[in-house]
Amino acid sequence: MVKHQPLQVYERQLCLSCITGIYGCRWKRYQRSHDDTTKWELLWSLILLLTFCLLLVWFYFWLEAHNDYNEFNWSLYNSSGEWSDGTVPILATTAAGFTYVAFLMVLALCHVALGQQLNLHWLHKIGVTAALLTTIVGVISINKTWGQEWDVVPISLQATGPFLHIGALAAVTALSWIVAGQVARAERLMFQVVVVLLYLSVLLGLYVVPLYITSPCIMERTSLKPRPDVIGHQGAPMLAPENTLWSFQRALQMNVTGLEADVVVSVDGVPFLMHDRTLQRTTDVEKVFPDRQMDEASYFNWTDLQQLNAGKWFLKDDPFWTVNNLSPREKNLIANQSVCSLEQLLKLASYHNITVVFRLQRPPPQHPCHHSWINDTLQAVQQSGVPQSLVMWTPDEYRAQVRRAAPALIQTSLMKLSRQALQHSNISRLLLRYNQASTSEIRDFSTAQINVTLYTVNEPWLYSVLWCSGVSSVSSEAPHILRKVPYPIWLMTSNEYCLIWVTADIISFAVVIGIFIFLKYRMSGMHSYNPEQIMLSAAVRTSSRDINVMKEKLIFSEVGNGVGSAEELYGDNGFDYYTNQGINQ
């Protein structure tokens, strides 16, 4: 009687064990499989891919929305009544979720590359589902509360598009190794054709994407207009409390060419600077007037307003995470700031000969100055002694009356009107949010001698894009950052971009073809092996001591007839059966 006893000599595959163990908790060799992935697990792979793509877009959105974090936090304050940096938990959870899902995607690709069956562990399925649902809820919430911010994505692509294209091309080119391996190992022709066609479709799509990439920074260098002026939005609110004299003085230190503020008229007709509807966030009104802390700011008289401190909140809340960088002297100055009047701001601007733009809020109907608010503000402008040519007047109400009383004021609109309507109303300036004017519109207004000022521009990449677009000035909360941008971050001619695009495509195509040919040749050599000589992953030291051989031995032993055992066979061949080590000769 002959007994067939297969003996396999394995070496530990630590890397493979980690890949399959972390992904599907298959740490042991017998738990792994080279069988086709089940349809259920394929569905989960698609869910994982969908979650990864959605999180990638969500993460990119929040990275580019950094320009408007203060706007987001202010909207949260209006809805909750409590000031906090709501972007911190969002960024932390988004970064953690994206890192986790991206790691699972890498493990899944490793499974495919190694020919292992995909089997996502149930704990990971719960994690992926949680990440997907959380991201969907976040997207829906942003659509409802901050929908206009999605415009930052196409605008940012004008700055990042050419570089993201090269990155995506490099990633898809690298995937050709996995795709070529799958095609070479596949036995069904139809599967090979479908995989190759899908991959080539994606690759060719990336090759022609630059035809649809537009950026104002792809232009002739001689066509670049002068550097846009920077206006301090509420002064320099990242360095000092917003709408205070010290904030405007800090902005002047950053070489701004103008100052922007929000103006409210007090109950006794004094225009003063305040952004919020109430005084609760930016003053100590809850301490000085605890019974009136929820009253609208316009219902306070100027005498009461002068009793309030408008700086300590900045040191306490640290809205821009900059307080730790302030000197003791600066902290002392900030702690003693008070509410600033419009007349004080205008006198400061007149002294430094810089432009002032303010947005005037009309008092409520029951307010004593509901009908006289324009006259009260105009009177403050005239009493300050500031040259009218330095003041950008934005209210649309009674504009004709204001023009007769102060003809030298710079008439400015907060609404995007047609060029003809602006010229008919003798409006020479526009003050718009940065997403309200496209590159073509900015250049069209510039041709008509209408200057466009866009707010709020805090990031160098956005400032660079608007510079290339031809905007004349921007309003910024970060003049200390923009002063460090003497030239657009990047600028290239169309010929230079074409050269980069074509070169990247040629290199990618050559690499893909080379990988497919190499793996086809390699796999065809492996298919030519005798099935009885299939080598396992055990490393056995031969007598030559310069090559590792993976073997599978089939040992025939006859029961009871005295034939040598497996140990004897291994011993005869110079191999220690128990230690898996070759015997040195």
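By class, how many nonpolar, polar and charged residues does the lining of the largest cavity have?

Analyst: The model is predicted, so local features need pLDDT of at least 70 and side-chain atom pairs count only at pLDDT 80 or more, while totals for chains, interfaces and linings use all residues. Residues are numbered from 1 along each chain as its sequence is written, and side-chain values use heavy atoms, without hydrogens and water.

The lining of the largest cavity has five nonpolar, four polar and one charged residues. Here Ala, Val, Leu, Ile, Met, Phe, Trp, Tyr, Cys and Pro count as nonpolar, Asp, Glu, Lys and Arg as charged, and the others, Gly among them, as polar. A cavity is a set of points on a 1 Å grid over the protein atoms alone where a 1.4 Å probe fits but cannot get out, and lining residues have an atom within 4 Å of a point. The lining consists of Glu-242, Asn-243, Thr-244, Leu-273, Met-274, His-275, Thr-282, Ala-310, Trp-313 and Val-339. The volume of this cavity, the space filled by probe spheres set on points joined across faces, edges and corners, is about 70 Å³.

Two cavities of 30 Å³ or more are found.

Turning to the strands (DSSP E runs of at least two residues; helices are H or I runs of at least four), S5 (residues 355-361) is largely enclosed by the rest of the structure, because six of its seven residues are buried, that is, under 20% relative accessible area with a 1.4 Å probe, protein chains only. Strands pair when DSSP finds at least two bridges between them. S5 runs parallel to S3 (residues 258-265) over seven bridges, with Asp-262 opposite Arg-359. S5 is also joined to S6 (residues 391-393), again parallel, by three bridges, and Val-357 stands opposite Met-392. The chain passes from S5 through helix H14 (residues 373-384) to S6 in a right-handed β-α-β crossover, meaning a clockwise path from first strand over helix to second, with the strands pointing away from the viewer.

Strand S10 (residues 473-476) pairs in parallel with S2 (residues 229-233) over four bridges and with S9 (residues 451-455) over two. Ile-231 stands opposite Ser-475, and Leu-454 opposite Val-474. From S9 the chain crosses through helix H18 (residues 460-469) to S10, and this crossover is right-handed. In a regular strand the side chains alternate between the two faces of the sheet. In S10, Ser-473 and Ser-475 point one way and Val-474 and Ser-476 the other, and all are buried.

Methods
Buried < 20%, exposed > 50% of the residue type's maximum accessible area, 1.4 Å probe, protein only. 1 Å grid on protein atoms, 1.4 Å probe; cavity = no way out; pocket = protein on both sides within 12 Å on 5 of 7 lines; lining within 4 Å.
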